Amino acid sequence: MRPAPTLLALTLDAALLRIATLPDLSRLPDHILVDLFRRTLSAGKLTERVLKLFLATDCEEIILLVQLLNIKQPLLPVLPTRCSEKF
């Protein structure tokens, strides 16, 4: 028989289900942020928006994990604009 999940585990699972809709993670302690980040990676839910959400917390461990895993933020190409009406 499996032991009952802890309240922290249940909370992290609930946060993971709604990770794309959370507005801010800066109030979470660093050890919870790291655990949530790892769960997000393993669940395949790391999007550009979610990555920005984690990086906005300025947690050193998250920044180090992003660098070690070589995760890059996608660069949006800048399309040239027409400066004059002449072709």
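Is Phe37 buried or exposed, and what is its relative accessible area? In this predicted model, Phe37 is buried, with a relative accessible area of 0%.

**The aromatic pair**

The structure holds 1 aromatic pair. Its members are Phe37 and Phe54, arranged edge-to-face, with 5.1 Å from centre to centre and 75° between the planes. Phe37 belongs to helix H2 and Phe54 to helix H3, so the pair ties together parts that lie 17 residues apart in sequence.

Two packed helices are described by the angle between their axes and the distance between the axes.

| Helix pair | Axis distance | Crossing angle |
|---|---|---|
| H2 and H3 | within 11 Å | roughly 165° |
| H2 and H4 | within 9 Å | roughly 30° |
| H1 and H2 | 10 Å | about 55° |

Helix H2 covers residues 30-43 and helix H3 covers residues 48-55, and their axes cross at roughly 165°. That angle makes H2 roughly antiparallel to H3. The crossing of H2 past H3 is left-handed. On the H2 side, the contact is made by Leu33, Leu36, Phe37 and Thr40; on the H3 side, by Val50, Leu51 and Phe54. Sorted by class, the residues of this contact are 6 nonpolar, 1 polar and no charged.

The axes of H2 and H4 cross at roughly 30°. H2 and H4 are therefore roughly parallel to each other. Here Leu33, Val34, Phe37 and Arg38 of H2 meet Glu61, Ile62, Leu65 and Val66 of H4. The contact of H2 with H4 has 6 nonpolar residues, no polar residues and 2 charged residues.

Helix H1, residues 7-17, packs on H2 at an angle of about 55°. This makes H1 oblique to H2. H1 passes H2 in a right-handed crossing. From H1 the contact takes in Leu8, Ala9, Leu12, Asp13, Ala15 and Leu16, and from H2 it takes in Ile32, Asp35, Leu36, Arg39, Thr40 and Ala43. The class count for H1 with H2 is 8 nonpolar, 1 polar and 3 charged residues.

Which residues does Thr40 touch, not counting residues up to four places away in sequence? They are Leu16, Ile19, Lys45, Leu46, Val50 and Phe54. Thr40 is in helix H2 and counts as buried, at 0% relative accessibility.

Ile62 lies in helix H4, which covers residues 60-68. Ile62 is buried, with a relative accessible area of 0%. Not counting residues up to four places away in sequence, Ile62 touches Leu33, Val34, Phe37, Phe54 and Leu55. Both members of the aromatic pair, Phe37 and Phe54, are thus among the residues that Ile62 touches. Ile62 and His31 are 31 residues apart in sequence, and their C-alpha atoms are 9.9 Å apart in space.

Thr57 lies in the loop between H3 and H4. Thr57 is buried, with a relative accessible area of 16%, which is under the 20% cut-off for that class. Leaving aside neighbours within four places in sequence, Thr57 is in contact with Leu25, Ser26 and Leu33.

Asp58 counts as exposed, at 58% relative accessibility.

Most residues other than glycine have a negative phi. Where does the model depart from this? Phi of Asp58 is near 60°, a positive value in a residue other than glycine. Asn70 also has a positive phi, of about 55°, although Asn70 is not a glycine. Asn70 is placed in the segment after H4 and is exposed, with a relative accessible area of 51%.

Definitions and conventions. Residues numbered from 1 in each chain as written. Predicted model: local features only at pLDDT ≥ 70, side-chain atom pairs only at ≥ 80, totals over all residues. Heavy atoms only, no water. Axes fitted to C-alpha atoms, helices over the stretch in contact; angles between N-to-C directions. Helix = DSSP H or I, 4+ residues; strand = E, 2+ residues; numbered from the N terminus. Parallel < 35°, antiparallel > 145°, perpendicular 65-115°, else oblique. Left-handed = near helix turned anticlockwise from the far one by under 90°. Contact = heavy atoms within 4.5 Å. Nonpolar A, V, L, I, M, F, W, Y, C, P; charged D, E, K, R; others polar. Phe/Tyr/Trp six-rings, centres within 6.5 Å; stacked < 30°, edge-to-face > 60°. Buried < 20%, exposed > 50% of the residue type's maximum accessible area, 1.4 Å probe, protein only.
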